Amino acid sequence: MFQNILMTVTVNISTVRSIIKTNDRLRSISFGSGAVIKQEWHEGSEFILGTLMQDIPRVKD
């Protein structure tokens with residue numbers, strides 16, 4: 001009876017966690033000591049953005 005509600009809540013919590021993790025990583029990239037702002041784009045930036053893309057929730061979520 002409550003299984004569907006529990007699954008929905010679990011998915012929503014997972015989505016919120018992913019959003020928070022993504023925001024934290026974006027904040028550290030933007031404002032951290034090794035920020036990419038005003039620096040040349042380098043291969044490390046591509047790696048950071050690649051790992052960030054893994055945590056972004058799907059549009060449906």
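The chain folds into two helices and zero strands. The model is a predicted one. Of the 61 residues in the chain, 13% are buried. The chain exposes about 5400 Å², and carbon and sulfur atoms supply 62% of that area.

The segment before H1 holds phenylalanine 2. Phenylalanine 2 has 58% relative accessibility and therefore counts as exposed, the cut-off for that class being over 50%. Phenylalanine 2 belongs to a nonpolar surface patch, together with Met1, Ile5, Val9 and Ile13. The accessible area of these residues together is about 580 Å².

Helix H1 covers residues 3–31, and threonine 22 lies in it. The side chain of threonine 22 has a polar atom 2.8 Å from the backbone oxygen of serine 18.

The salt-bridge count for the model is one, and the partners are arginine 27 and aspartate 24. Their closest N and O atoms are 2.9 Å apart, against a limit of 4 Å for a salt bridge. Why are arginine 27 and aspartate 24 separated by about one helical turn? The two are three residues apart in helix H1, which accounts for that spacing.

How accessible are the two partners, arginine 27 and aspartate 24? Arginine 27 is partly exposed, at 47% relative accessibility. Aspartate 24 is likewise partly exposed, at 39%. Both values, 47% for arginine 27 and 39% for aspartate 24, fall between the cut-offs of 20% and 50%.

Key: Residues numbered from 1 in each chain as written. Predicted model: local features only at pLDDT ≥ 70, side-chain atom pairs only at ≥ 80, totals over all residues. Heavy atoms only, no water. Salt bridge = Lys/Arg side-chain N within 4 Å of Asp/Glu carboxyl O. Helix = DSSP H or I, 4+ residues; strand = E, 2+ residues; numbered from the N terminus. Buried < 20%, exposed > 50% of the residue type's maximum accessible area, 1.4 Å probe, protein only. Areas by Shrake-Rupley, 256 points an atom, 1.4 Å probe, with all protein chains shown as cover. Polar contact = N/O pair within 3.5 Å; in protein donor to acceptor, adjacent residues only side chain to side chain. Patch = residues over 30% accessible without salt bridge, like charges linked within 9 Å, V, L, I, M, F, W, Y side chains within 5 Å.
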